[in-house]
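This report describes how two protein chains pack against each other. The sequence and the structure come first, and the description follows.

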Amino acid sequence: MVPLTHYLALGAILFLIGAAGVIMRRNAIMILLSIELMLNSVNITFVGFARQWADLTGQVFAIFVIAVAACEAAVGLAILISLNRDRSMVNVDEINLLKW
Amino acid sequence: MELVFFYLFAAGIVGASLLMVTRANVIHAALSLVLAFLFMAGLFVLAGAEFLAGVQILIYAGGIMVLYLFSIMLMNVGVAVRLRQWHRQSALALAAALLLAAEVWVVLGRGGYPAAQAWSWRLGQTPGNVEALGQVLYTKFLFPFEVASVLLLAAMIGAIVLAKRQITR
């Protein structure tokens, strides 16, 4: 049986890769993809804890995380498509309309 | 044996994720993420979450990532490949990520987790993971389940309104 620390370490590594992608990339779609990776790393942690305690709550919350990820993908991509259509911008440092 | 497969899947996930973060072409990045999700489904089977493994492939790799790929194809990615890919404050951001890594290391290294329990079912038998998960989801977590459905509806309406070309009143 795989120890819990392995799941936690894997989740932490993936979360950090995703976080680095979010704050280092310019392309907005890449940022959304990195956020997906971060949400999945949390899923791995949930599933690892569910395995450790033989408790299904972790798996249920992983399902909710997937639902939230679907919402985030839909709304984020809608924003990106309208931004790309109206102002043809894909890089986040060019989107500074609200910046003072 | 289980540990060997865990390391195999973990190496696949980490490798595909690193590939995803560093690609210049967004389509390549999305496909690498699909690969990472497939490895993750294997990991979920290993952890006794068979239903989640199916959901991971059907909903994530099959639904959400296809949505991403279609949106990418609606945009003009040919130009974006030739642009600078990283922020100017990349070094600072990397330092922040490493700081976060140190924090996570400290918190996780404290340990003190309770001993492992065994599942009440065996893989491949009925009633198994799906039945148990459905029982918990529709009784104990019924209210969060309904809230999630309202959230999905709101996201759907929001996406339609945001992506619509113009709204006629």
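A nonpolar core is a set of buried Ala, Val, Leu, Ile, Met, Phe, Trp, Tyr and Cys residues joined through side-chain atoms within 4.5 Å. The model discussed here is a predicted one.

**The core**

In this model the largest nonpolar core has 65 residues. The residues with the most contacts inside this core are Leu10(A), Leu14(A), Leu33(A), Ile44(A) and Tyr68(B). Both chains contribute: α1, α2 and α3 of chain A each supply at least two residues, as do α1, α2, α3, α4 (77-82) and α6 (129-139) of chain B. The largest share comes from α2(B), with 11 residues.

Tyr68(B) also reaches across to chain A. Leaving out residues up to four places away in sequence, Tyr68(B) touches Ile29(A), Leu32(A), Leu33(A), Glu36(A), Glu72(A), Ala73(A) and Leu77(A).

**The interface**

The contact between the chains takes 82 residues from chain B and 73 residues from chain A. About 6700 Å² is buried between chain B and chain A, and carbon and sulfur atoms give 77% of that area. Three residues, Tyr68(B), Met75(B) and Trp119(B), supply 11% of the area that chain B buries against chain A, more than any other three residues.

Polar links across the interface of chain B and chain A come to 11 residue pairs in polar contact, counting pairs with both residues at pLDDT 80 or more.

On the side of chain B that touches chain A, two or more residues come from each of α1, α2, α3, α5 (90-109), α6 and α7 (142-163) of chain B. The most come from α3(B), with 13 residues.

**Helix α1 of chain B**

Helix α1 of chain B covers residues 2-22, 21 residues in total. From the first C-alpha to the last this helix reaches 30 Å, close to the 30 Å expected at 1.5 Å a residue. Its buried residues are Phe6(B), Phe9(B), Ala10(B), Gly12(B), Ile13(B), Val14(B), Ala16(B), Ser17(B), Met20(B) and Val21(B). An α-helix has 3.6 residues a turn, so residues three or four places apart point the same way. The cover over the buried residues of α1(B) includes α1 (4-24) and α2 (28-53) of chain A, together with α2 (26-46) of chain B.

**Individual residues**

| Residue | Relative accessible area | Class |
|---|---|---|
| Met30(A) | 0% | buried |
| Ala54(A) | 27% | partly exposed |
| Ser71(B) | 4% | buried |

Met30(A) lies in helix α2 of chain A. Apart from neighbours within four places in sequence, Met30(A) is in contact with Arg25(A) and with Met20(B), Val21(B), Arg23(B), Val26(B) and Ala29(B). The C-alpha atoms of Met30(A) and Ser41(A), 11 residues apart along the chain, are separated by 17 Å.

Ser71(B) is found in helix α3 (residues 50-74) of chain B. Ser71(B) counts as buried because its relative accessibility of 4% is under the 20% limit. With residues up to four places away in sequence left out, Ser71(B) touches Leu77(A) and Ile81(A). Leu77(A) is also one of the residues that Tyr68(B) touches.

Ala54(A) lies in the loop between α2 and α3 (57-87) of chain A. Phi of Ala54(A) is near 50°, a positive value in a residue other than glycine.

Technical notes:
Residues numbered from 1 in each chain as written. Chains lettered and ligands numbered in written order. Predicted model: local features only at pLDDT ≥ 70, side-chain atom pairs only at ≥ 80, totals over all residues. Heavy atoms only, no water. Helix = DSSP H or I, 4+ residues; strand = E, 2+ residues; numbered from the N terminus. Expected span 1.5 Å × (residues − 1). Buried < 20%, exposed > 50% of the residue type's maximum accessible area, 1.4 Å probe, protein only. Contact = heavy atoms within 4.5 Å. Buried area = accessible area lost by both parts, 1.4 Å probe. Polar contact = N/O pair within 3.5 Å; in protein donor to acceptor, adjacent residues only side chain to side chain.
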